[in-house]
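The exercises below are meant for a reader who is meeting this structure for the very first time. Please look through the sequence and the model before working through each solution in turn.

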Amino acid sequence: MSVQTLHDLLDAGVSGRTVLVRSDLNVPLDGGQITDPGRIVASAPTIAALADAGAKVIVTAHLGRPKGQVDPALSLAPVAAKLGDVLGRYVQLAHDVVGIDAQARAEGLTDGDVLLLENIRFDPRETSKDEAERAALAKELAALTDGGAFVSDGFGVVHRKQASVYDVAKLLPHYAGKLVGAEVQVLRRLTEDTERPYAVVLGGSKVSDKLAVIEALAPKVDTLVIGGGMCFTFFAAQGLPVGSSLLQEEMIGTCKDLLERFADVIHLPQDIVVADSFSADAESKTVAAEQIPDGWMGLDIGPEAVGRFAAVLGAAKTVFWNGPMGVFEFAKFAAGTKGVAEAIVEATGKGAFSVVGGGDSAAAVRLLGLPEDGFSHISTGGGASLEYLEGKELPGIAVLESTEGQVG
Ligand SMILES: Nc1ncnc2c1ncn2[C@@H]1O[C@H](COP(=O)(O)OP(=O)(O)O)[C@@H](O)[C@H]1O
Ligand SMILES: O=C(OP(=O)(O)O)[C@H](O)COP(=O)(O)O
């Protein structure tokens with residue numbers, strides 16, 4: 001079944017209708033300041049098209065992982081201000097998710113207005129495993145539109161079966177936004193007639209999510225380069241000490257099995273930059289991967305690893321990269337990410353098709369001064385892209401294919 005798109009909704013006419021848009025506005029923050037507005041910029045075209053066509057636009061989004069309760073540090077206030085700048089129109093922020101303030105503001109919207117609801121993850125029902133709880137929140141979200149429409153445009157979050165991504169689509173006529181459409185179109189190229197060698201580079205800190213993806217991805221690729229916070233569980237699987245580095249203990253057995261089955265595919269760093277604390281001015285030194293001292297944590301891959309990874313990536317004809325190689329936000333631990341990114345840019349220059357995905361990975365590209373056009377595509381989704389490549393059904397896209405919630 002085909003998915004209805006924003007074009008279909010605009011063709012049908014939206015003037016005077018209230019449209020709920022799920023965007024991924026999960027941008028990196030440093031003390032309340034947005035360090036990279038990439039996801040806001042990428043989300044703006046869908047919102048602008050609707051507002052320009054006279055819709056009353058309600059945007060819902062999350063920021064970080066606030067555990068179902070209000071966390072003032074994760075308020076969408078800075079995001080509302082930045083979205084307003086990018087759109088060139090005032091964006092009002094509701095001070096709650098679906099409460100009295102959101103309801104009053106939704107009722108008061110006039111054609112072309114844009115309202116951003118407060119961080120949807122302040123409501124515990126958003127991420128609940130209980131379908132009835134999610135459905136209740138979805139019903140309250142849908143009610144804000146007074147029978148309007150839902151546009152799914154948060155590509156970075158379509159792999160999450162959450163109320164504002166999945167359940168609400170069942171209650172309203174639903175459409176795929178511009179960003180979701182564009183992302184899927186590019187990623188399709190990484191799953192059909194992929195030019196070999198095909199390299200996937202994985203790093204970052206969402207270790208449990210992404211280790212689960214490796215099992216499905218490993219048989220599909222020629223090379224799996226693993227760095228960032230992902231490599232320490234593999235080291236532990238080899239019986240090596242990892243100090244106080246990120247570790248997913250319950251996945252050690254899985255990593256052992258992966259190392260046995262995909263020994264030729266998996267590349268791990270042979271040296272690591274360790275630190276005595278998680279801070280920008282920590283004491284640091286480079287050690288061999290098998291010599292991480294007790295009490296020290298690995299915060300970057302070492303220079304030898306960068307060299308070896310660069311050689312592997314230099315031969316690749318297709319590259320997908322998700323997850324920084326180290327804590328690039330601290331200058332001391334940014335060299336690994338920069339080195340690997342430069343190697344991918346070089347491979348792209350020689351004709352490889354390259355995609356970098358993920359909020360922080362895309363931010364790293366820009367913040368470390370790499371040319372954005374040095375990659376074939378910069379995707380807003382890390383986990384979402386990985387699950388797409390894995391061939392898994394993405395709940396936020398699959399639900400758009402259903403007829404539930406559609407008119408007629
Ligand atoms: N060795 C490490 N230890 C702890 N955190 C790490 C390490 N390497 C990278 N990171 C962190 O991983 C974060 C990004 O992870 P993730 O969310 O998985 O990536 P993305 O947003 O690109 O999908 C960055 O904030 C970075 O500081
Ligand atoms: O940052 C995100 O994903 P990513 O780090 O995989 O790119 C998305 O906003 C999803 O966030 P989540 O992984 O907390 O569900």
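**Exercise 1.** How many bridges join strand S12 to S14, and in which direction do the two strands run relative to each other?

Solution. The model is a predicted one. Strand S12, residues 271-275, is joined to S14 by four bridges, and the two strands run antiparallel. Within this pairing, isoleucine 272 stands opposite isoleucine 301 in S14.

**Exercise 2.** Explain why strand S14 is described as largely enclosed by the rest of the structure.

Solution. A residue counts as buried if 20 or more other C-beta atoms lie within 10 Å of its own. Five of the five residues of S14, residues 297-301, are buried, and therefore the strand is largely enclosed by the rest of the structure.

**Exercise 3.** Determine which element gives the most to the shell around ligand 1.

Solution. Begin with the 20 residues around ligand 1, of which Gly204, Gly358, Asp360, Ser361 and Gly382 come nearest. Next, S14 and helix H12 (359-367) each supply at least two residues of this shell, and H12 gives the most, with three residues. By class, the shell around ligand 1 divides into four nonpolar, 13 polar and three charged residues.

**Exercise 4.** Work out why ligand 2 is said to lie between two domains.

Solution. The residues that surround ligand 2 include Asp24, Arg65, Lys206 and Gly383. Domain 1 (6-180) and domain 2 (187-389) both give residues to the shell, so ligand 2 lies between them. By class, this shell has one nonpolar, seven polar and four charged residues.

Terms used: Residues are numbered from 1 along each chain as its sequence is written. Chains are lettered from A and ligands numbered from 1 in the order in which they are written. This is a predicted model: local features need pLDDT of at least 70, side-chain atom pairs count only at pLDDT 80 or more; totals for chains, interfaces and linings use all residues. A residue is buried if 20 or more other C-beta atoms lie within 10 Å of its own, exposed if 12 or fewer, and partly exposed in between; C-beta atoms are placed from the backbone. Two strands pair if DSSP finds at least two bridges between them. A residue is near a molecule or strand if its C-beta atom, placed from the backbone, lies within 6 Å of it. Ala, Val, Leu, Ile, Met, Phe, Trp, Tyr, Cys and Pro count as nonpolar, Asp, Glu, Lys and Arg as charged, and the others, Gly among them, as polar. Domain bounds come from an automatic or database domain assignment.
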